[in-house]
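Subject: Structure handover

Hello,

Please find the structure below, with notes on what turned up in it. The notes follow the order of confidence, sheet, hairpins and helix.

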Amino acid sequence: MLNRPDVAVVGAGPVGLAIAWRCAQRGLRVVVHDPAPGSGASHVAAGMLAPVAEAYFGEHELTALLSASAARWPAFAAELTATTGVDVGYRTEGTLMVGLTADDLAEARRLWAYQQGIGLPVTPLRPSALREREPALATRVRGGALAATDHQVDPRRLVPALRTAAERAGATLLPAAVRRLSDVDARVTVVAAGCGAAVLTGLPVRPVKGQVVRLRAPGGGAPGFRHVIRGYADGEHVYLVPRRDGEVVVGATVEERTDTDVSAGAVLRLLRAAVDLLPELAEYDLVETLAGLRPGTPDNAPILGPLPGRPGVLAATGHHRHGIVLTPITADLMAGLVATGATDPLLAPFAPARFGRDPSAPEEEHTWN
């Protein structure tokens, strides 16, 4: 067909839109299918770019991917702003990781020791040094560490900017749902549909519920702290993300549930932990409570690459907590795969084939060149 797209992207969250942008920049004809762009996990996400704080035991390959993608964020944000004129809220003050009690600090230090042991930049700080950086921290905080390279971006600014960039590069957005991949007519189909990828592909992507609270500093001013704060408060894990416009995002629960209801208990736990770490938050306005569904996988790593038994179908899903930080590298690697058919070595640990394949499915064929 003369007007057949080169690539169809299913899903218009940050990952799907960034892939569409990069593909369109390569001169490919791109369509994006999504009835409600930006309404998924990214609408709830806090936007932390945290390859250090999110480095967990045994996830070496994922940590390497997070670090590689975070390193691309300064240029990615600058290019996106230059292209669209949109400030995406990219901030580089860094992240303070803190423990409220002696037990909290002991738990945190075990993780920091692991992170330092694999070469990540973690700088331990005494309570006095913490409060020099953030005077609003509670005097009860026992200690902490600085992850200077863990930054942030505002997903609610990022998604519209990516949509504008993709459309200006020539991509077309089709506001319709895709119920079967066989309904999509393109040389290559990229499934970037978050939790919806499970039904479309059969991949083991499951919803992981997260509840968050949004506050606003009184009087229309900026929050009384600059760093992202990630803390342990009497055993409760919480993060606090300040925005220049006065918003503070407080999150997040991790629940193996499929609903998006907000529970009073979750809000209570998050706010109690937040106020324990930053007492001034008790005076902030409560402006929003909401829940979203992260696309989780059995090994907590994304699923990136050709779908076994489905020629011309690529997966870019399963990013779990890391969809925002992994947006630049996912877009670059997937656009390269679409354009050339060659798989970058960085993709190898995240291939869909690691979860096995349907033995009744036809043999995989790379026929999208």
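Two strands are taken to pair if DSSP finds at least two bridges between them.

First, the model is predicted. The mean pLDDT of the protein is 94, and 96% of its residues reach 70 or more. The stretch 358-369 has a pLDDT below 50, and beyond near neighbours in sequence it makes 26 contacts in the model.

Six strands form an open sheet in the order 8-2-1-9-16-15, and the pairing is mixed. Strand 8 (172-174) and strand 15 (303-306) are the edge strands, each pairing on one side only. On average, neighbouring strands of this sheet are turned by 20° against each other, with direction ignored.

Strand 1 covers residues 7-10 and strand 2 residues 30-33; the two run parallel and are joined by four bridges. Val 7 is opposite Val 30 of strand 2.

The hairpins

Back to strand 12, which covers residues 236-242 and is mostly covered, with five of its seven residues buried. With strand 11 it forms a hairpin that has two residues between the strands. Asp 234, in that turn, has a positive phi of about 50°. Ala 233 has Glu 236 in strand 12 as its bridge partner.

Strand 12 is also joined to strand 13 (residues 247-251), by four bridges, and these two run antiparallel. Val 241 has Val 249 in strand 13 as its bridge partner. Four residues lie between the strands of this hairpin, and Gly 246 takes a positive phi near 105° there.

The helix

How far apart are the end C-alpha atoms of helix 1 (residues 14-25)? They are 16 Å apart, and this agrees with expectation because twelve residues at 1.5 Å a residue should span 16 Å.

Helix 1 is mostly covered, since eleven of its twelve residues are buried, that is, under 20% relative accessible area. Among the buried residues are Pro 14, Leu 17, Trp 21, Arg 22 and Cys 23. After helix 1 comes Gly 27, which has a positive phi near 90°.

Regards

Notes: Residues are numbered from 1 along each chain as its sequence is written. This is a predicted model: local features need pLDDT of at least 70, side-chain atom pairs count only at pLDDT 80 or more; totals for chains, interfaces and linings use all residues. Side-chain values use heavy atoms; hydrogens and water are left out. pLDDT is the predictor's confidence in each residue, from 0 to 100. Contact means heavy atoms within 4.5 Å. Axes are lines fitted to C-alpha atoms, for helices over the stretch in contact, and angles run from 0 to 180 degrees between N-to-C directions. Buried means under 20% relative accessible area, exposed over 50%, partly exposed in between (1.4 Å probe, protein chains only). The expected span of a helix is 1.5 Å times one less than its number of residues.
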